Amino acid sequence: MSAETSSGDGRASVPWLVVLACAYLGLLALVAALAGAIATPDDLTSDLRSRLLPPLGFGGTWAHPLGTDELGRDMLARVILSVRTSLFVALVGTIIGAVLGTTLGMVAAWSGGFVDDAVMMLVDVQASLPFIILALAAIALMGSGLGLFIVVVGLFGWERYARIARGMTLAAREDGYAAATAHLGGGPWRISVQHILPNILGTLVVTLTINFPETMLLETSLSFLGLGIQPPNTSLGTMLGDGRTYLLTAWWIAVVPGVIISLAALSTSLLGDWLRDRLDPNLRR
Amino acid sequence: MPPLLDVTGLSKVFRLRGPNPFHRRRLTAVAAVDLVLAPGETLGVVGESGCGKSTLGRLIVGDLAPSAGTVRLARRPVSAMTRKERARLVQPIVQDPRATLDPRWRIGALLAEPLVIHGQRNGSADRVREALASVRLPPDIADRLPHQISGGQAQRLAIARALLPEPRLLVCDEALSALDAAVQADIVHLLRRVQAERDTAMLFISHDLDLVRHLSHRVAVMYLGRIVEIGPVDRIGTRQSHPYTRALIGAAPRIDPHRRRTKRATLEGETPSPIDPPPGCAFQTRCPLAIDRCRIQVPPPVRVGPGQIVHCHLAEPAGRDHPPLHRLAGD
C-alpha cells in the first residue's frame, strides 16, 4: 500500500485570484481599522460650493480624489467611514448568526425529542419568512439603535448554520470517531468541541462566506430603506441609497460604494471556496 | 471464579416505522440471550447476516439500551455505570478502524486522548510510546495523520487505543473482516498476545468460522436473535450439535483436495424475517428434523455435553445413548 505519503513537499501554491481577494479584504480591513485615524466626522462637513464634484480622472482634483456628494462632502472620507460601519455590522452580525446557529444545531442534535423539534420548527419558520420583513418589524417596534440593528442583522441566516450543524452532528455521532471517543469515556462536550466542530468547520466557513456578503447586502438594504444606520453615521448602504437619485448626473456617489460591496462579496466567496479545499484534511498533502 | 461478563435474558426489540402509525411493527434483533464470559476467555459469536450478533455486541458495549434483561460487567449492570467506568471495563474493536480515528488528529494525539479523558495526563507521552511499541508500530507514526497509515496499521492503532483505558473485555465486531489474510494473521497474533499478557476477555463476533475456531475457547451460534448453541470450540459442530450449527459448518467453503465430496447438510429456503419470527423454535421453518412440538414451544436449553448447551427439542441431555440428533450426521 502506498500509505507512506510524505508530508513534506510544501503547500500547494495559492491561486492568484485568492491572493487578490485576500489583498482586497485585507485592504478593507485595514481601512476599517484605521478609519478613525484617516478620516474624522469633521471631514464630512458639507460644502455646498463644491457639491457633486467628479472623481480623479473624470475631471476631479486631488482635493477630493473620489469626488464629492450632493452636499459637497468628501466621498473618500465618507467611503472610509462607511466601510468601517458596514464591515463592523456585517462581521459582528455574521458571527452572531454563525455562533447562534451552530450552537442551536448541535444542541438540537444532542438533545433530540422536544428540543430538537422546537429548534427545527424555528428553523422552518425563519426560512419561510422573508427576513427583511421581520427585520423591519423588529426595528420599527424597538427603535433603531446600532446595537439592536446588529442583533437583527445577526439573526439573519442562523438557520443555515443550525441545519448544517445539526445534520453533521447527527451523522458524526452515529459512527466513527465520535462514537469511538464516547466509547473511550469522552462526553458530549469533548466530542462536539474537539472532534465534531473542527470537522464541520470547513462547511461552516463556506456557509459563512456565503452569508457574509448577504449580511452586508441586508445592512445595505435596511440602511437604504432608512431603517439601518442613521445619519450622521454613514454606511455603504446609506451612500448607495443617497446616490440613487443622482445616478444619471453624479454616478460616482452610488457606483463607488456599489463597487466596494460587490468586490467584497466576490472576494469572500473566492476565499471561502479556497478555504474549504484547504481545510479538508483528506485533500492535504 | 465469578464471571467477568454476565448476560441474562437480554433482548432488543426495535420498533419500526411502518405504513400504520398506530401499529408499529417490532423487529426482535436479540431474544432472551444468556451467556457468561470468564476473565481471559474468548467467546466466538457466529451466525449469518442479520442474526443479531452485532446488536448483541452493541448491547454489551452499551451503545444500545436493552429492551429486557441485563448486561453485568464485573457484577455491575452496564446500564448503571458512568461512561468512564464503562470505558475502563469494555472497549469495542470495529471492522473499519480508520473511521474511528478523527481525520484531523495526529496519531499521537489520538492515542493520548483516552489518557486525557481519564485524567492521566502525567507521563502520557511515555504511555503513548509504550502503546505504540506494544502493537509493534514505529514511534515516528505518532506524527502522522490517520489517512497516512495502512489498514493493518489502523487496526493495530485502534487496538492500542482501546487498550489504554485497560479494559477487561474487548468486543471485536468483525474486527478482521476488512483485512487481507496476512494482516489478519498478524492481528490474530496480536490479540492473542494481548490476551495472554493482560488476561483480557474477548467477545469475537465474526461470520468467518475458521477465524472463530482459531481464536476462541468457546463458540456461540446465533440464529434469528437467539443463541441456539453455545459450547467449547472443539465440540461445536459435532454429533450432539444443533441442526443449524451443523448446517452452518457444512455450508462453509473448505479447501481440502483429499476430501471427497460428501453430502453436506445444507439448508433450504430463506431465513425468516425477524419482524415476524416463527412461533416455537426459530429454526423450525428450515429444520430437516422439525417435529410438531418445534412449531409450538420454544426449545429449552439442554446440556448435551461438558459446557455445551443446545436449544433443541431433539437434543438429549448428556449421558444418554443414541440421541435422535444423530440422524442428521449421515452415519
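Leaving aside its neighbours within four places in sequence, which residues is B:Met222 in contact with? In this predicted model, the contacts of B:Met222 include B:Val33, B:Val45, B:Val46, B:Gly47 and B:Cys51. They also include B:Gly52, B:Lys53, B:Leu56, B:Ile227 and B:Tyr244.

## Around B:Met222

B:Met222 lies in strand 9 of chain B. Its relative accessible area is 0%, so the residue counts as buried. Two of its contacts, B:Lys53 and B:Leu56, are buried residues of helix 1 of chain B. B:Ile60 is another buried residue of that helix. B:Met222 and B:Ile60 are separated by 162 residues in sequence and by 16 Å in space, C-alpha to C-alpha.

Strand 6 of chain B runs parallel to strand 7 (residues 169–173) of chain B, and four bridges join them. In one of the pairings, B:Pro92 has B:Val171 of strand 7 as its bridge partner.

Chain B has another open sheet, of four strands in the order 2-1-4-5, with antiparallel pairing. Its edge strands are strand 2 (26–37) and strand 5 (76–77) of chain B. Eight bridges join strand 1 (residues 5–15) of chain B to strand 2 of chain B, and the two run antiparallel. Here B:Val7 stands opposite B:Leu35 of strand 2.

Helix 1 of chain B packs on this sheet, touching strand 1, strand 2 and strand 4 (68–73) of chain B. Its direction makes about 115° with that of strand 1 of chain B. Why is helix 1 (residues 53–61) of chain B largely enclosed by the rest of the structure? Seven of its nine residues are buried. Among them are B:Thr55, B:Gly57, B:Leu59 and B:Val61. Just after helix 1, B:Gly62 takes a positive phi of about 90°.

## Interface with chain A

How many residues of chain B are in contact with chain A? There are 30, and they meet 26 residues of chain A. The area buried between the two chains is about 2400 Å², with 51% given by carbon and sulfur atoms. B:Arg83, B:Arg104 and B:Gln148 supply 27% of the area that chain B buries against chain A, more than any other three residues.

One salt bridge is found across this interface. The side chains of B:Glu113 and A:Arg190 form a salt bridge at 2.8 Å, N to O.

## Chain A

In helix 5 (residues 146–154) of chain A, the buried residues are A:Phe149, A:Ile150, A:Val152, A:Val153 and A:Gly154. They pack against helix 2 (75–111), helix 4 (131–142) and helix 8 (188–224) of chain A.

Chain A has a mean pLDDT of 82, and 92% of its residues reach 70 or more. Over residues 1–10 of chain A, pLDDT stays under 50. The model has 11 contacts beyond four places in sequence for that stretch.

Methods. Residues are numbered from 1 along each chain as its sequence is written. Chains are lettered from A and ligands numbered from 1 in the order in which they are written. This is a predicted model: local features need pLDDT of at least 70, side-chain atom pairs count only at pLDDT 80 or more; totals for chains, interfaces and linings use all residues. Side-chain values use heavy atoms; hydrogens and water are left out. Two strands pair if DSSP finds at least two bridges between them. Buried means under 20% relative accessible area, exposed over 50%, partly exposed in between (1.4 Å probe, protein chains only). Contact means heavy atoms within 4.5 Å. pLDDT is the predictor's confidence in each residue, from 0 to 100. Buried area is the accessible area (1.4 Å probe) that two parts lose on being put together, summed over both. A salt bridge is a side-chain nitrogen of Lys or Arg within 4 Å of a carboxyl oxygen of Asp or Glu. Axes are lines fitted to C-alpha atoms, for helices over the stretch in contact, and angles run from 0 to 180 degrees between N-to-C directions.
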